[in-house]
Amino acid sequence: MTDLRDATAPLVEVKDLRQVYHKGDAPDLLVLDGVELTIREGEIVGLLGRSGSGKSTLLRIVAGLLAPTKGDVRWCGKPVEGPGEGIAMVFQSFALFPWLTVQQNVELGMEALDIGAAERRRRALAAIDLIGLDGFENAYPKELSGGMRQRVGFARALVVHPRLMLLDEPFSALDVLTAETLRTDLIDLWIEGRLPVRSLLMVTHNIEEAVLMCDRVLLFSNNPGRVAAEIAIDLPHPRQRLDPTFRELVDDLYARMTNRTPAAGETSRATDEGIPGTGIGMILPRVSTNVLAGLMETLAARPDGRADLPDLGAALQLEVDQLLPIAETLQLLRFAELADGDITLTDDGRRFVDSEVDERKRLFADHLLTYVPIVGLVRRVLDERSSHRAHRRRFTEELEDFMSEEAAENTLRSVISWGRYAELFAYDSQSREFSLEDPA
Amino acid sequence: MTQHHPALTAGGHRGRFLPNIWDVLAFAILFGLLAGVMHGGGETMAPLTDVVQTPISLDPRALPEYALRTLLRMLTALLASLLFSLAYATLAARSRRAEMVLIPLLDILQSVPVLGFLSFTVAGFMGLFPGRVLGVELAAVFAIFTSQAWNMTFSFYQSLKSLPSELDEAARSFRLTPWRRFWGLDVPFAVPGLVWNAMMSMSGGWFFVVAAEAISVGNTTISLPGIGSYVALAIEKRDLGAVGYALAAMLVVILACDQVMFRPLVAWAERFHAEAAPDGSLPRSWALRAIRRSRLFALAFSPIGRLGRLRLGRLPRFQRLSGAWQSRWADRAWLALLVFAGTYAALEAGSFVIAAVPPSEGLTVIGLGLLTMLRVVVLLALASLLWVPLGVMIGLRPRLAMRLQPLAQFLAAVPANIVFPFAVVLIARFDLNPDIWLSPLMILGTQWYILFNVIAGAAAFPRDLRDAAANFRVGGWRWWRKVMLPGIMPYYVTGAITAGGGSWNAAIVAEVASWGSTTLTAHGLGAYIAQATVAGDKARIMLGVAVMSLFVILFNRVLWRPLFDRANRFN
């Protein structure tokens, strides 16, 4: 905001950060790789990416809550070794202590600071006043609406007068209207210089939110999380969502998020973009067949079966994080194509929409077997065995050679639900067995 | 003014130093308790000969004092259980290696019939304070403690393990010290579970206090002044009226505990739930109202609040990712050490038993265990047949459930061993077969767990599912099998586990029952242990208790755990 910005040392400096999770015998899961980040005074920086791109992990490393596997993380020039002084965090799920009143929750933020009771009270009341919680001092969190609860979260962080405030998807647990109110309130306080903070670092998967609030956006790619691009947003505040430049930026970010830049050394076929992993190792998202059919029908109703993703997201009230997995699954199954922020129905997609139930299922089954290798594998194993039965373990173990336990679980759940719809196989959740039997 | 302790927050707007009507009430409660503690506590330092020389009196006028002494023992044990829970569970939750030992150990401790060990522990505690009543008092308190501590510890451990990650992160990012975090986050989060389990423990404890006050050591019986000793003497003197008085005194004490202690605690614990009660019904308590509105309690509590706010310990550092730091070799060495220690202890105990007991008796003991198991199974089945339909009927009628649910919980707290004499008199008079007719005593006190869990289950059964069943005209047996029984199954299993566990323990008291000089004995493992205890035969006590523990553990693993998982599979 000021010209002093470059004169001072950066608040946060992250160099060559690498974060690896390992668990038992499973292969190491690379969450963040080669991440660089610098935050100076007076700016709002956004970390934008799909879920699982490691942006929340990065935030926790900066906060000193999590130790990095490798790399140099500095706070005000000093290496980070634990939760640092002058950093305060706002949580997605508010993280309020249910047994403390609003005021007690806010005072908790100052617990580690050497402040007398009277001063603590004065500052807490000031923060409560600033964030618009006057009159709620003695309320307990469970008496408040989500929006009011998050205001307490903000007050608790602000009361510390932190140099850096970390925001972990602070608006994503709120309904649309409440989220918008809180965003504008926060930005207004920021512009007026009334926020007792120097800089903000915000994690989000909401593109419009990033463009609305941030001076700089770091776009994260998936698997592993890397900074794919850095986009400066020079629009003056207050920003107008309908401003053509604003729209352009949103469209651009949408396109960048859908066109995954393949990682070095990895050759990914264009049509599988977005779905991480290849062959059996594809990590499938949890998407219901009803949703897939619904999106195809929505597209079929549009001219040329084509839609602009940001428009579609707005019309269906879906966030990028919800819309993209659906779109990418359709792309994987060759029912639709994704390019430059647009989605287009393929001929097969149109045939699906025009068909009756049985024909739809047949078509879906064909595409599943052809384009989703793990489904092909399940079917092949069942066909080859004389009992036509296979325990779930058989496939979990194979999947876990490629991905984390959780990803394998999700992938297999999708396989089961899609396979059941396509009537390719049956699955018994009691015995945890796949089979070719028709349920009697 | 710091507003930390919840009891301090209400009523802050009134004149601060003006006493009010609630202060009078609170004054009475507070100083009544204080006087009781001082009186009871002073007595414990008396020499042992005093107790032997002042025999228990069957005069009902002595009962209030006995009741007070018994209650004090209970409360001391409960406090000890609480402190134990906080320490043990924290250690288990914070240290992975400690967890490897502590949690399975806790699981086994829960299954050991502590009554069987009474004579060992008494000797131990008397050795600590030779010639003082304190030793015997502590032995009794310890017996009660062993019946109360484990479930509270499990509850706290589970709370620590299920702490929401965002609250943990918030505590760390605001750099709370370990001490502050313990009292500001770990303990408050666990309060609802701890309160509920303390209530359960207190219920179970009455049974043990009655059994633990009159203790035989070798040939002498030391009777600590208390309701348990009073009942024991009444049985010896064949005084049915005195047993009745004791029962009445017990009911009054349990009722008072509920009103003055647990209801306020439950109402207070409501604050620590993350979400408001779905039906908006908040537990109420007149005693809590008194406490909240009086300044006296606020003054008494504020040092406790301040203690929790002390900033002790280092500031939090990085939390390493799970698995980021682990040394396989250290783990293996630790495991090897445990296996070695375990084997050594088992061999020691084994050789001690084998030296004194012929091997063929081992088979007999297992046979007796099977007999007792048969009793437990049959009784559980009978009790279920009776209480499941009744519980469902009550649970489906909200007004009735609201009135009867506290009654069922109350009945679970009444120590069944006080009622035993009535049954024994009947069995002796009609010359009934003790092998059959002593059995119901085992489940007398524990059947209520089935009832109140089933009531809770039926009351929580979703209204729309009942409507759906009615809409499709599902009725009769089909309604029970397809609709109601699967719905209440998790609750029923929880109740049955508690009832079953309690019945094994009760077998030690129930399979041998006496009335004056008449002693009725049933064939079973409980009788075996009881007789070995009377004879002071340590090897046989050890053998009996070990076999019973094994039975209980197997029973839990083979029957209850799978059932519980099955019942919960839809959740």
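User: Are α15(B) and α23(B) roughly parallel, roughly perpendicular or oblique to each other?

Analyst: This is a predicted model, and the description below is computed from its atoms. Helix α15 (residues 359–395) of chain B packs on helix α23 (residues 525–535) of chain B at an angle of about 125 degrees, with the axes 7 Å apart. Angles of 65 to 115 degrees count as roughly perpendicular and those over 145 as roughly antiparallel, and therefore the relation of α15(B) to α23(B) is oblique.

User: Into which domains is chain B divided, and how far apart do the C-alpha centres of domain 1 of chain B and domain 2 of chain B lie?

Analyst: The domain assignment of chain B gives domain 1 as residues 48–263 and domain 2 as residues 345–571. Taken over their C-alpha atoms, the centres of domain 1 of chain B and domain 2 of chain B are separated by 21 Å.

User: Which helix gives the most to the side of domain 1 of chain B that touches domain 2 of chain B?

Analyst: In chain B, 30 residues of domain 1 are in contact with 32 residues of domain 2. On the domain 1 side of chain B, at least two residues each are supplied by α5 (96–111), α6 (118–128), α9 (178–212), α10 (227–236) and α11 (240–269) of chain B. By class, that side of domain 1 of chain B has 20 nonpolar, 7 polar and 3 charged residues. With 8 residues, the helix that gives the most to this side of domain 1 of chain B is α11(B).

User: Turning to chain A, what radius of gyration does chain A have, against that of a compact globule with 440 residues?

Analyst: Chain A contains 15 helices and 16 strands, and its C-alpha atoms fill a box of roughly 75 × 50 × 45 Å along the principal axes. A compact globule with 440 residues would have a radius of gyration near 22 Å, and the value for chain A agrees with this, at 24 Å.

User: Which helix provides the largest share of the side of domain 1 of chain A that touches domain 2 of chain A?

Analyst: Chain A is divided into domain 1 (3–258) and domain 2 (279–435), with 35 Å between the centres of these two domains of chain A, taken over C-alpha atoms. Here 15 residues of domain 1 of chain A are in contact with 13 residues of domain 2 of chain A. The domain 1 side of this contact in chain A has 8 nonpolar, 4 polar and 3 charged residues. Its largest share, 6 residues, comes from the helix spanning residues 244–258 of chain A, α7.

User: What is the bridge partner of Val14(A) in β2(A)?

Analyst: Strand β1 (residues 12–21) of chain A pairs in the antiparallel sense with strand β4 (residues 70–75) of chain A over 5 bridges, where Glu13(A) is partnered by Arg74(A) and Arg18(A) by Lys70(A). β1(A) also pairs in the antiparallel sense with strand β2 (residues 29–39) of chain A, over 7 bridges. Within β2(A), the bridge partner of Val14(A) is Leu37(A).

User: Which residue in the turn between β4(A) and β5(A) has a positive phi?

Analyst: β4(A) pairs in the antiparallel sense with strand β5 (residues 78–79) of chain A over 2 bridges, and in β5(A) the bridge partner of Arg74(A) is Pro79(A). The two strands, β4(A) and β5(A), form a hairpin with 2 residues between them, and the residue in the turn with a positive phi, of about 55 degrees, is Cys76(A).

Key. Residues are numbered from 1 along each chain as its sequence is written. Chains are lettered from A and ligands numbered from 1 in the order in which they are written. This is a predicted model: local features need pLDDT of at least 70, side-chain atom pairs count only at pLDDT 80 or more; totals for chains, interfaces and linings use all residues. Axes are lines fitted to C-alpha atoms, for helices over the stretch in contact, and angles run from 0 to 180 degrees between N-to-C directions. Helices (H or I, at least four residues) and strands (E, at least two) are DSSP runs, numbered from the N terminus. Angles under 35 degrees count as roughly parallel, over 145 as roughly antiparallel, 65 to 115 as roughly perpendicular and the rest as oblique. Two strands pair if DSSP finds at least two bridges between them. Domain bounds come from an automatic or database domain assignment. Two residues are in contact if their C-beta atoms, placed from the backbone, lie within 7 Å. Ala, Val, Leu, Ile, Met, Phe, Trp, Tyr, Cys and Pro count as nonpolar, Asp, Glu, Lys and Arg as charged, and the others, Gly among them, as polar. The radius of gyration is taken over C-alpha atoms; the globule rule is 2.2 Å times the number of residues to the power 0.38.
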